Amino acid sequence: LLDANSLSLAAAAAARSRSRDACLAHSLLLYMLRQGLLPDRRAYTAAVARLTPPTKALRLFDAVLRHLRRAPPELVYPSCLPDAAAFNAALSACADAGDCRRFRQLFDAMSEWSAAANALTYNVVIKMCARAGRKDLVARVLERMLSSGLAPCATTFHSLVASFVGFGDITTVERIVQAMQEERKDICSLLRAVAMDCDGATDVEEGAALLDDIVCWGQTGTGL
């Protein structure tokens, strides 16, 4: 019989293969859980990142977390515990599914597993806010990152630009691109003005309102 390490390696290899056989990885991981074996986080992270539809990926991630919570502490190795990359994969699946409620639940659960949000986490937050039609929150994510002590990466700005393109706000897109080209330090001020223009909107859906605290909590007005 194969042990947990061997099965985890097989699942990770399947998820990352050129054929992207995430379904095989999914089957292996579910088999492990049914046998009481806890998979390595690299295996289930790769599977969650590639499984389609996203609801299937989220069910797998939920199953892993459920088994980790139920397992005796002495059987839970550190390599099995979800890290920021694992949560980022699950959060991205939430964004793809348009599931704001589950996104908020998983974002809040990161602290339970000592998985600190990183720059890539907030890139996914941009993706979720854009999918939910929350232009006001997209405009505030950069400031939220900075107030959390995180430095934005190139993907952050690409995500912001893509979001405003999706909103049809070409004026803001041009301003962001110009500010990046000029290496200006007032991009947060630019985006804050966009957010203020959106304040007072009354057509926010209940699910999308759950994203407010993720972006707006603890903002200090740090500039960039």
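## Salt bridges

A salt bridge here is a side-chain nitrogen of Lys or Arg within 4 Å of a carboxyl oxygen of Asp or Glu. By that rule, arginine 104 pairs with aspartate 213, with the closest N and O atoms 3.6 Å apart. Arginine 104 sits in helix 6 and aspartate 213 in helix 14 (residues 212-216), so this pair ties together parts that are 109 residues apart in sequence. Helices (H or I, at least four residues) are DSSP runs, numbered from the N terminus. This is a predicted model, in which local features need pLDDT of at least 70 and side-chain atom pairs count only at pLDDT 80 or more, while totals for chains, interfaces and linings use all residues. Residues are numbered from 1 along each chain as its sequence is written, and side-chain values use heavy atoms, with hydrogens and water left out.

Arginine 104 has another partner, aspartate 108, and there the closest N and O atoms are 2.9 Å apart. Both of those residues belong to helix 6 (residues 100-109), 4 residues apart, about one turn of the helix. Through shared partners, Arg104, Asp108 and Asp213 end up in one salt-bridge network. As for accessibility, buried means under 20% relative accessible area, exposed over 50%, and partly exposed in between (1.4 Å probe, protein chains only). Aspartate 108 is partly exposed at 40%, and aspartate 213 is partly exposed at 46%. Elsewhere, the side chains of arginine 134 and aspartate 136 meet in a salt bridge at 2.8 Å, N to O, and here arginine 134 and aspartate 136 are both buried. The structure holds 13 salt bridges.

## The nonpolar core

Now for the inside. A nonpolar core is a set of buried Ala, Val, Leu, Ile, Met, Phe, Trp, Tyr and Cys residues joined through side-chain atoms within 4.5 Å. The largest one has 78 residues, and those with the most contacts inside it are Phe61, Leu68, Phe103, Leu106, Val125 and Leu191. Helix 5 (residues 84-97) gives the most to this core, with 9 residues.

Leaving aside neighbours within four places in sequence, leucine 106 is in contact with Leu58, Phe61, Leu65, Phe87, Ala90, Leu91 and Cys94. Leucine 68 sits in helix 4 (residues 54-70) and is buried, with a relative accessible area of 6%. Leucine 68 and threonine 55 are 13 residues apart in sequence, and their C-alpha atoms are 20 Å apart in space.

Helix 5 also carries serine 92, which is buried at a relative accessible area of 19%. Not counting residues up to four places away in sequence, serine 92 touches Val124 and Lys127.

## The largest pocket

Rolling a probe the size of a water molecule over the atoms shows where empty space is left. On a 1 Å grid over the protein atoms alone, using a 1.4 Å probe, a pocket is an open set of points with protein on both sides within 12 Å along at least five of seven lines, and lining residues have an atom within 4 Å of a point. Grid points are joined across faces, edges and corners, and the volume is the space filled by probe spheres set on the points. The largest pocket comes out at about 260 Å³.

Of the 15 residues that line this pocket, the closest to its centre are Gly36, Leu37, Leu38, Leu75 and Cys80. Helix 1 (4-16) and helix 4 each supply at least two lining residues, and the largest share, 3 residues, comes from helix 1. The lining divides into 8 nonpolar, 5 polar and 2 charged residues, where Ala, Val, Leu, Ile, Met, Phe, Trp, Tyr, Cys and Pro count as nonpolar, Asp, Glu, Lys and Arg as charged, and the others, Gly among them, as polar.

A cis peptide bond joins threonine 52 and proline 53, with omega at about -5°. Proline 53 lies in the loop between helix 3 (41-50) and helix 4.

Then come two non-glycine residues with positive phi. Serine 114 has phi near 55°; you'll find serine 114 in the loop between helix 6 and helix 7 (119-131), exposed at 71% relative accessibility. Glutamate 183 has a phi of about 55° and lies in the loop between helix 11 (170-181) and helix 12 (187-198). Glutamate 183 counts as exposed too, at 65% relative accessibility.

Note on methods. Contact = heavy atoms within 4.5 Å.
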